[in-house]
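Dear colleague,

My notes on what was found in it follow after that.

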Protein chains: 2
Amino acid sequence: MAHDIAALKARLAGIALEDNPALVRQKSRDFFWYSPTLKRQLDSVAGALIATPSSEGEVLRILEACFALGIPVTPRGAGTGNYGQAMPLAGGLVLDMSGLDKVLEVAPGRVRAQAGAIIAEIDTACRSSGQELRLHPSTYRTASIGGFIAGGSGGVGSITWGGLRDLGNIIGLRIVTMEATPRILELTGEEVEKVAHAYGTNGIILEVEMPLAPAYDWIEAIIGFGDFTRAAAFANALGEQDAILKKLLSVISAPIPQDYFLRHRPYLPAGEHVVLAMIAPIASAAFDSFTARWGGRVLFHSDRTGPEEARGLPPLYELAWNHTTLRALRVDPAITYLQTLYPFPDQLALVARIHEELGDEVPAHLEFVRFDGKITCFGLPLVRFTDETRLEAIIARHEALGIPVFNPHRYTLEEGGMKQTDAVQLAFKREADPAGLLNPGKMIAWENPDFDFSTGRTYLFPGLSAQAREE
Amino acid sequence: MAHDIAALKARLAGIALEDNPALVRQKSRDFFWYSPTLKRQLDSVAGALIATPSSEGEVLRILEACFALGIPVTPRGAGTGNYGQAMPLAGGLVLDMSGLDKVLEVAPGRVRAQAGAIIAEIDTACRSSGQELRLHPSTYRTASIGGFIAGGSGGVGSITWGGLRDLGNIIGLRIVTMEATPRILELTGEEVEKVAHAYGTNGIILEVEMPLAPAYDWIEAIIGFGDFTRAAAFANALGEQDAILKKLLSVISAPIPQDYFLRHRPYLPAGEHVVLAMIAPIASAAFDSFTARWGGRVLFHSDRTGPEEARGLPPLYELAWNHTTLRALRVDPAITYLQTLYPFPDQLALVARIHEELGDEVPAHLEFVRFDGKITCFGLPLVRFTDETRLEAIIARHEALGIPVFNPHRYTLEEGGMKQTDAVQLAFKREADPAGLLNPGKMIAWENPDFDFSTGRTYLFPGLSAQAREE
């Protein structure tokens, strides 16, 4: 179906639009190229027009116009996602939310901001009241809060607060529906689950209200161990220290740190498996005692590093979560990665098992988190990529061992997540996007209700080929 | 051994002393009468003299004088302990620390106070910076911080922060030793474990440095369930909600609330088993959603109670922890209690099992906490006391089922705790109290190194009879 972009432009007079093909293509992409599979599938994806509203009223005008003309709308924050979340598989309009970037209110325990606000900017606004966001992705300095909620799941802070899916980590969302006359809704409590981590398929997030935690000048520490399973056990035990307040707790096996953490290299002796930890200053002495008990070697400690020496070092969280993979990719473009969960209480045994079997081809990277009230870890292992068949075999091997994989080589909500229909999100899409114009191709349950997840077959959105014609 | 109290008085000229027998007896007691066993054993315990120093210098003078004269010193905070912690089994001097009550410094994330400072007063001082203590006992409004650390283990706040034993819940302690020339030591990191929960047997706490958490106007909620095991399962699941910030999570079986929570009675229908919860206001909507999912009945909610109606209601934490027993005792003096731990991951099955077997005689009271990184619960069940033999049988039955009992009917550290020698605390006593003058009779490992805990025999301090002669 050809979209009447000319008619759309006419209706959107006065709103910032961009149709320069190079710029449109740039704003139609995210970090999908982490995955060789997505790179192959999505490299030609582009919208027809970018709109950058500067007010809620402009967002409503855009949605009303697109609905009237049957033009798909794919919302975009800062484009820091990894799964093509913000890529317009069916072409049409890319709704760039970066113009709605205001921090609206900071109060004790909570902040309200527009969806396009950059996460680091929100923290800056909260800092004078001694507060900061509970959770942020490793793309803290560039990602938008709306994009994090629509396309992220947790990250830095999850060791204390769990994930975005946990009730209470998003206080409220102000959203707008995609209808003839778009409606504004305020969602709170469990209602936020309707649109959180839905890639913008069933509503456009306008504003967010997030809980805040006390801000600290977090100590950044890198602790080394000669044995990988010992490093993992230390991190698990440190995670279970309820009184040592933490913001990050990552385990990265050698030689990842030595090969890819270029600025930190002077601190990283060959062969050391490392634990990255962000610790509240008030827990400093407790952390030292605990580390000494385990025989951990303190390779780096931000409180014991001079300002001259520290200059030029990236923040520790930019070695962790998805930034670990990014640093590896910058050195070796053949690297890719997986996203796995090591279920409690077997996490350490499973970590050891898979590392023993695949550790050279799939170097281990663990992120410890609170998950359903227990400490366990996600895996974000690197993969020394050969071909897609081998990648699928590696995934299958994890699943056979009881290690679920949230496949980062798929662009749909379901395949990248729990591999089942989210009935709440599907029902809300019927209500909020009856014409199916929001971010088409990302929710299998909508596009193909009969799709059988049990076959393991990859879902391919038919519109992907259609939109190629539109360009 | 007779103590030369007259010589002591002479040496302590200028320090506030009290030797009126009625007042001395009053200041030689705590809430030991919670236990019929301790009431029988300790009712006649009294020191010979109370000293109430008003400065660190006076504390040092007192210790130096007592050491020179060989007079035992038993430190006392506000006397709100339940196990005779602050009772001078060997007579001598009671060191009343209530005169050292200053809050010295409030900084981001931490507070420093003198040991005799009342916990609620510390929080008042911290409030202007938006902070409060992580942990407090139900005797918040009367207990001293030094007494809490010397004789307590956790309480309100443990659902988020674990217990005082956890590394990081006490930042530092300034203590003084009992030697010819008392030494002042600053302990931090794991060093605090030398004297925390040691009943003042191996050093006198002068100052404490404690971590702070954000202060909230905590929502107080009472949720009702028709079925006790359902109430317990709800509380366990709510405990595991990492993003719903909590300060208290108690489960109390019917008819305890109806019979003993007199002021709250209008909110407590017959037969309802209740969950007491203190929830951060930012988690209000999430808590509502979660409660509705479980079919919990909101019997009381502080945000939905008018000021007139709320007047005269005690704070919710004064229905919980050791206050539950206190309220029962006020109505029925024959009530006593136990302290148990339901080990993870079997806590709900063990709770159901013991409740089914003993629920009428031992009505259930659970306090959910974080313990070694997991959510589980302590039990503080009431006991409808008949005699000590039956009480021992009830304790034995718990232990046979795999439910450890921290026996509140014993006055020694070991029997009330882990029933084993604490080598760290014993070693430190050798160093800091070589003459064994601090709080005699409380540390079995010191008094009788050959005592065999495995026999289950009760330790009886020989000095208990000796001190009766002194009066």
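To begin with a pair of helices in chain A, α8(A) and α10(A) cross in a right-handed sense. Please keep in mind throughout that this is a predicted model. Helix α8, residues 228-239 of chain A, packs against helix α10, residues 284-294 of chain A, at an angle of about 145°, and the two axes lie 11 Å apart. On the α8(A) side the contact is made by Arg230(A), Ala233(A), Phe234(A), Ala237(A) and Leu238(A), and on the α10(A) side by Phe287(A), Phe290(A), Thr291(A), Arg293(A) and Trp294(A). Sorted by class, the residues of this contact are 7 nonpolar, 1 polar and 2 charged.

Helix α8(A) also packs against helix α13, residues 347-358 of chain A, here at an angle of about 155° and with the axes 10 Å apart. Because of that angle, α8(A) counts as roughly antiparallel to α13(A), the cut-off for that term being an angle over 145 degrees. The crossing of α8(A) with α13(A) is right-handed. From α8(A), the residues Phe228(A), Thr229(A), Ala232(A), Ala233(A) and Asn236(A) meet Gln347(A), Leu348(A), Val351(A), Ala352(A) and His355(A) of α13(A). By class, this contact has 6 nonpolar and 4 polar residues, and no charged ones. If you follow Ala233(A) in the viewer, you will find this residue in the contact of α8(A) with α10(A) and again in the contact of α8(A) with α13(A).

In chain B, the packing I would point you to is that of helix α13 (residues 347-358) with helix α14 (residues 388-400), where the angle is about 150° and the axes are 11 Å apart. That angle makes α13(B) roughly antiparallel to α14(B), and their crossing is right-handed. Here Arg353(B), Ile354(B), Glu357(B) and Leu358(B) of α13(B) come into contact with Arg390(B), Ile394(B), Arg397(B) and His398(B) of α14(B). The classes in this contact are 3 nonpolar, 1 polar and 4 charged residues.

Another helix of chain B, α12 (residues 322-331), is mostly covered, with 8 of its 10 residues buried. Those buried residues are Asn322(B), His323(B), Thr324(B), Thr325(B), Leu326(B), Arg327(B), Ala328(B) and Leu329(B). Among the elements that cover them are β12, α9, β15 (335-337), β17 (365-371) and β19 (382-384), which belong to chain B.

Turning to the backbone, there is a cis peptide bond from Ala254(A) to Pro255(A), with omega near 5°, and Pro255(A) sits in the loop that runs between β12 (246-252) and α9 (256-260) of chain A. In chain B, the peptide bond from Ala254(B) to Pro255(B) is likewise cis, with omega near 5°, and Pro255(B) is found in the loop between β12 (246-252) and α9 (256-260) of that chain.

Two residues of chain A deserve a look for their phi angles. His197(A), which is not a glycine, has a positive phi near 50°, and its place is the loop between β9 (184-188) and β10 (204-214) of chain A. With a relative accessible area of 27%, His197(A) is partly exposed. Lys419(A), also a residue other than glycine, has a positive phi of about 55°, and lies in the loop between α15 (413-416) and α16 (423-432) of chain A. Lys419(A) is partly exposed as well, at 32% relative accessibility.

As for cysteines, a search of the whole structure over all chains gives 0 disulfides. Cys377(A) has 0% relative accessibility and therefore counts as buried, and Cys377(B), at 0% relative accessibility, is buried too.

At a relative accessibility of 64%, Pro449(B) counts as exposed, since the term applies to values over 50%. Along the sequence Pro449(B) and Thr421(B) are 28 residues apart, while in space their C-alpha atoms are 8.8 Å apart.

With best regards

Notes:
Residues are numbered from 1 along each chain as its sequence is written. Chains are lettered from A and ligands numbered from 1 in the order in which they are written. This is a predicted model: local features need pLDDT of at least 70, side-chain atom pairs count only at pLDDT 80 or more; totals for chains, interfaces and linings use all residues. Side-chain values use heavy atoms; hydrogens and water are left out. Axes are lines fitted to C-alpha atoms, for helices over the stretch in contact, and angles run from 0 to 180 degrees between N-to-C directions. Helices (H or I, at least four residues) and strands (E, at least two) are DSSP runs, numbered from the N terminus. Angles under 35 degrees count as roughly parallel, over 145 as roughly antiparallel, 65 to 115 as roughly perpendicular and the rest as oblique. A crossing is left-handed if the near helix is turned anticlockwise from the far one by less than a right angle, and right-handed if clockwise. Contact means heavy atoms within 4.5 Å. Ala, Val, Leu, Ile, Met, Phe, Trp, Tyr, Cys and Pro count as nonpolar, Asp, Glu, Lys and Arg as charged, and the others, Gly among them, as polar. A disulfide is a pair of cysteine sulfur atoms within 2.5 Å. Buried means under 20% relative accessible area, exposed over 50%, partly exposed in between (1.4 Å probe, protein chains only).
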